[in-house]
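Have a look at the sequence and the model first, then read on.

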Amino acid sequence: MPRSCDTLSAPSCPDLDSILARYPAHPRYLLAALQDIQAAFRHIPREAMVRVAAHMGIPESRVYGVATFYKALSLVPKGRKTVKVCMGTACHLRGAPGVLEALENALGIAPGDTTEDGAFSLETVNCLGACALAPVVMVEDTPYGAMTPARVASMLEKERDHAV
């Protein structure tokens, strides 16, 4: 996976042209191209949408429509790690609201926001499919089951140590 960067011109940033070169100039590759751009830049920059549209020969409005339709894609920069709090029924009943509040306090952000240092973004989701672990928090691909407000600080410390 490409190293994340904040702008299309950052020195350590993968060249957008090299990402687009992986895909034929056909609209069927739009979502895959946007996912690669998201992975590289931690969001879909406006300039990237314009260039994707030109590369694939489609209107910019179609690129924008796809980029805003899928929750996994973002037009604003995301943190290096995304913390997802399950708010499904099982998690909610077992204390997810308290876990979310502890995360908001520890990170100093609300769901949908990113910490000032760019380390974490906080999101709520309807279900992570791990009801037996409720309440569950997912940081990237790592699940933290039976989460409690008291365990939030140690989880964040562990994840911050491993933040890319």
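Cys86 is buried, with a relative accessibility of 4% (buried is under 20% relative accessible area, exposed is over 50%, and partly exposed is in between, using a 1.4 Å probe and protein chains only). Cys86 takes part in no disulfide, and the nearest cysteine sulfur, on Cys91, is 3.4 Å away. Cys127 is in no disulfide either, with the sulfur of Cys131 as its nearest cysteine sulfur at 4.6 Å. The disulfide count comes to 0, where a disulfide is a pair of cysteine sulfur atoms within 2.5 Å.

A word on ground rules. This is a predicted model, in which local features need pLDDT of at least 70 and side-chain atom pairs count only at pLDDT 80 or more, while totals for chains, interfaces and linings use all residues. Residues are numbered from 1 along each chain as its sequence is written, and side-chain values use heavy atoms, with hydrogens and water left out.

**The strands**

Helices (H or I, at least four residues) and strands (E, at least two) are DSSP runs, numbered from the N terminus. Strand E1 covers 81-86, and 5 of its 6 residues are buried. Which strands does E1 pair with? One is E2, in the parallel sense, over 6 bridges; another is E3, which runs antiparallel to E1 and is joined to it by 3 bridges. Pairing here needs at least two bridges between the strands, as found by DSSP.

Thr82 sits opposite Ser121 in E2, and Val83 sits opposite Leu122 in E2. On the E3 side, Lys84 sits opposite Met138. As a general point, side chains in a regular strand alternate between the two faces of the sheet.

Strand E2 is largely enclosed by the rest of the structure, because 5 of its 6 residues are buried. Ser121 belongs to this strand and is buried, at 1% relative accessible area. What does Ser121 touch, leaving aside residues up to four places away in sequence? Its contacts (heavy atoms within 4.5 Å) are Lys78, Gly79, Lys81, Thr82, Val83, Ile109, Asp113 and Thr114. A polar atom of the Ser121 side chain also lies 2.6 Å from the backbone nitrogen of Gly79.

**The salt bridges**

There are 7 salt bridges, counting a side-chain nitrogen of Lys or Arg within 4 Å of a carboxyl oxygen of Asp or Glu.

| Pair | N to O distance |
|---|---|
| Arg46 and Glu60 | 3.5 Å |
| Lys78 and Glu123 | 3.2 Å |
| Arg160 and Asp117 | 2.9 Å |

Take Arg46 and Glu60, whose side chains meet in a salt bridge. Arg46 is in helix H3 (residues 46-56) and Glu60 is in helix H4 (residues 60-69), so the pair ties together parts that are 14 residues apart in sequence. Arg46 is exposed, at 55% relative accessibility, whereas Glu60 is partly exposed, at 37%.

Next come Lys78 and Glu123, again a salt bridge. This pair links distant parts of the chain, 45 residues apart: Lys78 is in the loop between H4 and E1, and Glu123 is in strand E2. Are these two residues buried or exposed? Both Lys78 and Glu123 are buried.

Then there is the salt bridge between Arg160 and Asp117. Here too the pair links distant parts of the chain, 43 residues apart, with Arg160 in helix H7 and Asp117 in the loop between H6 and E2. Arg160 is partly exposed at 38% relative accessibility, and Asp117 is partly exposed at 43%.

Elsewhere, Asp17, Glu47 and Arg51 are linked in a network of salt bridges.

**Helix H7**

Arg160 brings us to H7. This helix spans residues 152-161, and its buried residues include Val152, Met155, Leu156 and Glu159. Why do the buried residues line one face of the helix? Looking down the axis of H7, they fall within an arc of 95°, so they line one face; the arc is that of the directions from the helix axis to the C-beta atoms. The face turned away from that buried side carries the exposed residues Ala153, Glu157 and Asp161.

The cover over the buried residues of H7 includes strand E1 and strand E2 (120-125), along with helix H6 (96-107), strand E3 (137-139) and strand E4 (142-144).

How values were computed. A polar contact is a pair of N or O atoms within 3.5 Å; within protein, one must be able to donate a hydrogen and the other to accept it, and residues adjacent in sequence count only if both atoms are side-chain atoms.
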